[in-house]
Amino acid sequence: MAGAKKGTWIGATVVGAVAIVVASWFLAINPALGAAADVRAQTVQTKQANDALALKVAKLRADFAKLADYKKQLAAIQVQVPTTAQLSDYLRQLDTIAAARSVTITAVAPGTPQAVVAKAAVAPVAPPTTASATAGPTPAATPAATPVAAPATGTGNAAAAAASAVPDGFSSIPLSVTVIGSYDNTLAFLSDLQTATPRLYLVSGFTATGQQDAAAAGGKPKTVVGDQQLVITGFLYALPDTTAVPAPSASATPALPSAVGGKNPLVPVGGK
């Protein structure tokens, strides 16, 4: 009888110990292991973020060390593409190369500035499909199928990418220049217009007209056979300086208080 009671107590003790171990696993050990795994994962992610941030800081530090060089490059670019139209300065450049090439500028016609818009790539159109031949005689002529253009994939993304590649405020200024001189001199002027001036000028076209012997008249110089009039069309460019810090606006002067109705402003205020 005593042995049976002892066995029962041993069994109950074993079952209780197992229950305690299972409860400890599910209630304490397993959650602690999961929390530790989460902490390790967060530690790895934090270390990776810190490494990426350290690389960015190192890149910014290297760029900052070259800031003076970048400013020089920006200044050189702004000579070719200034922040404003600056047509007066450019006309003086034209007069300089015209004098160097012995040609006469008879007309300069600037146009209205317009925003530069990048063109997205056009998706190729699928070739028309031909109907397959069928065996046997055809009772009636079948009209040819109208070719359907394949839908352009990614057109919206391409247009958005092209638009984002153009800086805000980037504008083109149409400009036409007419010169008269000898054949060689006018062509030399055309070459200098594109390569010998600090300002960037894109030639889009030109028209040459041969001249005859004629005296100077109407703003045109004296010409001989072999001279030509060259009408050159093209574009200047301007890009506002987006790196400039805007000047703080002047604060408005506060308005003076108005007189109180029914009271004499010259009467002193009494006090204790």
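1. Ser102 sits in the loop that runs between H3 and strand E1 (104–110); helices (H or I, at least four residues) and strands (E, at least two) are DSSP runs, numbered from the N terminus. The model is predicted, so local features need pLDDT of at least 70 and side-chain atom pairs count only at pLDDT 80 or more, while totals for chains, interfaces and linings use all residues. Residues are numbered from 1 along each chain as its sequence is written, and side-chain values use heavy atoms, with hydrogens and water left out.

2. Most residues other than glycine have a negative phi. Ser102 has a positive phi, near 55°. Ser102 is exposed, at a relative accessible area of 54% (exposed is over 50%, buried under 20%, partly exposed in between; 1.4 Å probe, protein chains only).

3. Gln86, also not a glycine, has a positive phi of about 50°. Its place is the loop between helix H2 (67–80) and helix H3 (87–100). Gln86 counts as partly exposed because its relative accessibility is 36%.

4. The buried residues in H5 include Thr186, Ala188, Phe189, Leu190, Asp192 and Leu193. Among the elements covering the buried residues of H5 are H3, E1, strand E3 (171–182), strand E4 (201–210) and strand E5 (227–238).

5. Ser171, in strand E3, is buried at 15% relative accessible area. Leaving aside residues up to four places away in sequence, Ser171 touches Gln114, Ala115, Val116, Leu236, Tyr237 and Ala238 (contact means heavy atoms within 4.5 Å).
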